[in-house]
Amino acid sequence: MRIFVPLDSAAKALGADAVADALTQQIAARGLDAQVVRNGSRGMVWLEPLVEIEADGRRLAYGPVTPADVGALLDGTLPCLGRVEDIPFFARQTRLTFARCGLIDPLDLDEYERHGGLAGLRRAIGMDGAAIVAEVTASGLRGRGGAGFPTGIKWKTVADAVADQKYIVCNADEGDSGTFADRMIMEGDPFTLIEGMAIAALGVGATRGYVYMRSEYPVAIDVLERAVVIARQRGMLGADVLGSGRAFDMQVRVGAGAYVCGEETSLLNSLEGKRGTVRAKPPLPALEGFLGKPTVVNNVISLATVPVIFERGAQAYADFGLGRSRGTVTLQIAGNVARGGLFETAFGMSLGEVVNDIGGGTATGRPVKAVQVGGPLGAYMPVSKFDTPMGYEDFDAAGGLIGHAGLVVFDDSADMLQMARFAMEFCAVESCGKCTPCRIGAVRGVETIDRIAAGDPGAAALLTDLCETMKDGSLCALGGFTPYPVMSALTQFPDDFPTHKEAAE
């Protein structure tokens, strides 16, 4: 009998370690033939700690489980949720990137392979670099970190560059509010990220790779570092990747937690030991990136999806989705919501269906007022836009952005003026200071919103002008995208922005 208890950070925060300890003690006391396995999360946070028992060919789920429930769990008297795959929240998903997450021991490479792992890398080994890049291009995969840039175009640029050294850099600096997909995959299925980076390296001719992670992710850091060691010992990394005669090795590097280091050029500066400030473009990192060499910089989910494409084929992956948004999107549902967690589905589901049907509406039971999609730089989407499909171009047309696909739900008690103020304050605090529109504009933005709150009738027009300046003049998306939450709050929720002193009072 195997008993799965998640080591996922969210599960640990909700008491998973205490449950695992209690299980270990009672198994020993009862003399049971059972093993406690620390797996990743299945992504249903409201059920964590979600414990699964695998015995006699069946795997059944229980949750949320507390240490006090362990006795009943082992006695067989604790209420059972059935198979995870039959729970409605999970059953409605299309799990491709996250197919193994929570299902396997994340550090068991043999189990990873039994569940389809390494099939993509083995196929890629039999292809030349141009064919690998063409496969990724045909899949329609786009950057899942925020920009949605076609992955194949970035890889081809690096592949075509002439240099004595090329690099693969994984952007794991997941700093957006309400996002946790990168963390979940690194904690629950780290070998798929390693495999994706190895395929990328074969495609573009790189031999070195780095994962740049946040210091706030200690569990993910530990799991991924151990996975890299195992991969190297088993020949998945090193001078002869799976006997291919081609070399690729990688390291994990930990940043200090600056939000702006999620921007690729700031990340590269930090990776080189410099201050995390944005670089002007051109040159593009694909031509002059890490240490001035051609560098692929991709998000965790982008790279972790690559093995799926090579295992199933580009067309099989591209068959999912909507318009130019191909494949699946890993929605992270958070905030004031009844059923928060990770939901992987094909692009195309409407925002309202995600929030109300999948997420179950607000946790408070009050009406939904707004959903911020795309992290702290994402627009606040009102209920009137809930028919917007989850697709890059569709959200852009609606005045929003999908970004890293985090959704933070707010009920009707939220003050949107204060949320707009927070966006400007966040930008002011996290700005690297390189460009004036971001460095000074965000500070002036806070002041201007305070003037609106005080009833200054001309301040709203000034805020609009300021946002235009930040959008057009900032070097990177921190200053350039801060106008999204600010202006969406101002235009979609005007009742929260008084124009007269009397209204404010």
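Predicted model: local features only at pLDDT ≥ 70, side-chain atom pairs only at ≥ 80, totals over all residues.
Strand β3 (residues 51-55) is antiparallel to β4, and 5 bridges join the two. Within this pair, E54 has R59 of β4 as its bridge partner. The loop between β2 and β3 contains P49. The peptide bond leading from E48 into P49 is cis, with omega near -5 degrees.

A further open sheet of 4 strands has the order β7-β6-β5-β8, and here the pairing is parallel. Strands β7 (249-255) and β8 (295-299) are the edge strands, each pairing on one side only. Neighbouring strands of this sheet are turned against each other by 20 degrees on average, with direction ignored. Strand β5 (residues 167-172) pairs with strand β6 (residues 208-214) in the parallel sense over 6 bridges, and I168 stands opposite G209 of β6. Strand β5 also pairs with β8, again in the parallel sense, over 5 bridges; in this pairing Y167 has T295 of β8 as its bridge partner.

Although β8 is an edge strand of the sheet, 5 of its 5 residues are buried, and the strand is mostly covered. T295, V297 and N299 point one way from β8, whereas V296 and N298 point the other way; all are buried. Helix α11 (residues 218-233) lies across β6 and β7 of this sheet and runs at about 165 degrees to β7. In the loop between α11 and β7 is L242. The phi of L242 is near 50 degrees, a positive value in a residue other than glycine. L242 has a relative accessible area of 27% and is therefore classed as partly exposed. The loop between α12 (264-271) and β8 holds P282, which is joined to K281 by a cis peptide bond with omega of about -5 degrees.

Helix packing is illustrated by α7 and α8. Two packed helices are described by the angle between their axes and by the distance between those axes. Helix α7 (residues 129-139) packs against helix α8 (residues 151-160) at an angle of about 160 degrees, and the axes are 7 Å apart. Angles over 145 degrees count as roughly antiparallel, so α7 and α8 are roughly antiparallel to each other. Their crossing is left-handed. On the α7 side, the contact involves I132, V133, V136 and T137, which meet T151, G152, W155, K156 and A159 in α8. The residues of this contact divide into 5 nonpolar, 3 polar and 1 charged.

Strand β15 (residues 406-411) is largely enclosed by the rest of the structure, because 6 of its 6 residues are buried. From β15, G406, V408 and F410 point one way and L407, V409 and D411 the other way, and all are buried. Strand β11 (residues 328-335) runs parallel to β15 and is joined to it by 4 bridges; G335 has V409 of β15 as its bridge partner. Strand β13 (residues 368-373) pairs with β15 in the antiparallel sense over 5 bridges, and the bridge partner of A370 in β15 is F410.

The loop between α16 (392-397) and β15 includes A405. A405 has a positive phi of about 70 degrees although it is not a glycine. Burial is assigned under 20% relative accessible area, so A405, at 3% relative accessibility, counts as buried. In helix α15 (residues 351-358), the buried residues include L351, G352, V354, V355 and I358. Just after α15, G360 takes a positive phi of about 80 degrees.

Note on methods. Residues numbered from 1 in each chain as written. Heavy atoms only, no water. Pairing = 2+ DSSP bridges. Axes fitted to C-alpha atoms, helices over the stretch in contact; angles between N-to-C directions. Contact = heavy atoms within 4.5 Å. Parallel < 35°, antiparallel > 145°, perpendicular 65-115°, else oblique. Left-handed = near helix turned anticlockwise from the far one by under 90°. Nonpolar A, V, L, I, M, F, W, Y, C, P; charged D, E, K, R; others polar. Buried < 20%, exposed > 50% of the residue type's maximum accessible area, 1.4 Å probe, protein only.
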